[in-house]
Amino acid sequence: MQQYFIKGSASSPVTIEDKETSKHMFQVMRLKEGDEVVLVFDDGIKRLARVLDPSQQSLEIVEELADNTELPVQVTIASGFPKGDKLEFITQKATELGASTIWAFPADWSVAKWDGKKLAKKSEKLEKIAQGAAEQSKRNLIPEVRLFDKKADFLAQLAQFDTIVVAYEEAAKEGEGAALVQAVKGLDRGDKLLFIFGPEGGLSPDEIAAFGQAGAVSAGLGPRILRAETAPLYALTAVSVMLELEK
């Protein structure tokens, strides 16, 4: 069944105001009177809705649904600006895997250099990608996307997290294998977890030191060295396995 995110609070009947959503529902999917879809409003609750009048883009809410696909902890993925369209890939896949927030920042060794105008355009594109991926994967929320213009602004956000894990390839090379598991298994439901990943060139010693001062732990992600766009997906998968599948 198709799912759509609708801005605002739930009230019946619902009129679809967003042009792109309306076009997809009534022109692309050709919804007709009596067809049912799932709508998710700002409260993150899924509701079954039935089309009343396609010409008016109106639906009635039938019932609330108990389905909740969110991870038991709030996971933020923060990546140093990667090259090309890798951030688009990360955003789509991290959304499918359950990230609640997707951040990127100008790391010391980032090759990509984005000014304010480019960042705004990039953010808009990523938000659309996150929404599409959230609908496809039947999420209860769309991840927040934020691109930091200055690394100092990113560092100022670290105090809000319960746990910070830095994916550090030097730790992997040294054979460290317990930090990630210990960090994740020590979390309580609702805790805020931040994963920090470097760009293609990795994180600089100064960045590792700064993150450590903020209370971060450095962790290897297995014995193999992962690409910048692969590491976040590994981390999110590990969280799911440890907190959702292991009982």
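Q: Which residues does S240 touch, not counting residues up to four places away in sequence?
A: The model is a predicted one. In it, S240 touches L71 and L245, since contact means heavy atoms within 4.5 Å.

Q: Why is S240 called buried?
A: Its relative accessible area is 17%. Buried means under 20%, so S240 is buried. S240 lies in helix α8, residues 231-245.

Q: What makes the length of α8 close to the expected one?
A: Helix α8 has 15 residues.

Q: Which residues of α8 are buried, and what covers them?
A: The buried residues are A231, P232, L233, A235, L236, A238, V239, S240 and M242. The cover includes β6 (74-80), α2 (86-96), α6 (179-185) and β10 (192-197).

Q: Why is E96 called partly exposed?
A: The relative accessibility of E96 is 33%. Partly exposed lies between the 20% limit for buried and the 50% limit for exposed, so E96 counts as partly exposed. E96 is in helix α2.

Q: Which residues does E96 touch, not counting residues up to four places away in sequence?
A: E96 touches A133, Q136 and S137.

Q: How many aromatic pairs does the structure hold, and what makes F105 and F211 one of them?
A: The structure holds nine aromatic pairs. The rings of F105 and F211 are 6.4 Å apart, centre to centre, and rings pair if their centres lie within 6.5 Å. The planes are at 85°; over 60 degrees counts as edge-to-face, so the F105 and F211 pair is edge-to-face.

Q: How do you know that this pair links distant parts of the chain?
A: F105 is in strand β7 (residues 101-105) and F211 is in helix α7 (residues 205-213), 106 residues apart. Both F105 and F211 are buried.

Q: Why is the pair of F195 and F197 called tilted?
A: The angle between the planes of F195 and F197 is 35°. Under 30 degrees would be stacked and over 60 edge-to-face, and the rest count as tilted, so the label for F195 and F197 is tilted. The centres of these two rings are 6.0 Å apart.

Q: Why are F195 and F197 called buried?
A: F195 has a relative accessible area of 1%, and F197 has 2%. The limit for buried is under 20%, so F195 is buried and F197 is buried.

Q: Which residues do ring pairs link into a cluster?
A: The cluster holds W103, F105, F148, F154, F161 and F211.

Q: How do you know that K192 lies over the face of F161?
A: K192 is at 5.5 Å from the ring centre of F161. The distance limit is within 6 Å, and K192 is placed over the face of that ring.

Q: Where are the domains, and how far apart are their C-alpha centres?
A: The protein chain is divided into domain 1 (3-64) and domain 2 (74-245). The C-alpha centres of domain 1 and domain 2 lie 33 Å apart.

Q: How many residues are in contact between domain 1 and domain 2?
A: Eight residues of domain 1 are in contact with nine residues of domain 2. The two domains bury about 700 Å² between them, 47% of it on carbon and sulfur atoms. In domain 1, Q3, F5 and K46 lose the most area to domain 2, together 72% of what that side buries.

Q: Why is T21 called buried?
A: T21 has a relative accessible area of 7%, and buried means under 20%, so T21 is buried. T21 lies in helix α1 (residues 19-28). Not counting residues up to four places away in sequence, T21 touches Y4, I6, I16 and Q131.

Q: What makes the peptide bond from S12 to P13 cis?
A: The omega of this bond is near 0°. Most peptide bonds are trans. P13 is in the loop between β1 (3-5) and β2 (14-15).

Q: Why is R30 called exposed?
A: R30 has 65% relative accessibility, and exposed means over 50%, so R30 counts as exposed. R30 is in the loop between α1 and β3 (36-40), and its phi is near 55°, a positive value in a residue other than glycine.

Definitions and conventions:
Residues numbered from 1 in each chain as written. Predicted model: local features only at pLDDT ≥ 70, side-chain atom pairs only at ≥ 80, totals over all residues. Heavy atoms only, no water. Helix = DSSP H or I, 4+ residues; strand = E, 2+ residues; numbered from the N terminus. Buried < 20%, exposed > 50% of the residue type's maximum accessible area, 1.4 Å probe, protein only. Lys NZ or Arg CZ within 6 Å of the ring centre and 35° of its normal. Expected span 1.5 Å × (residues − 1). Domains from an automatic or database assignment. Buried area = accessible area lost by both parts, 1.4 Å probe.
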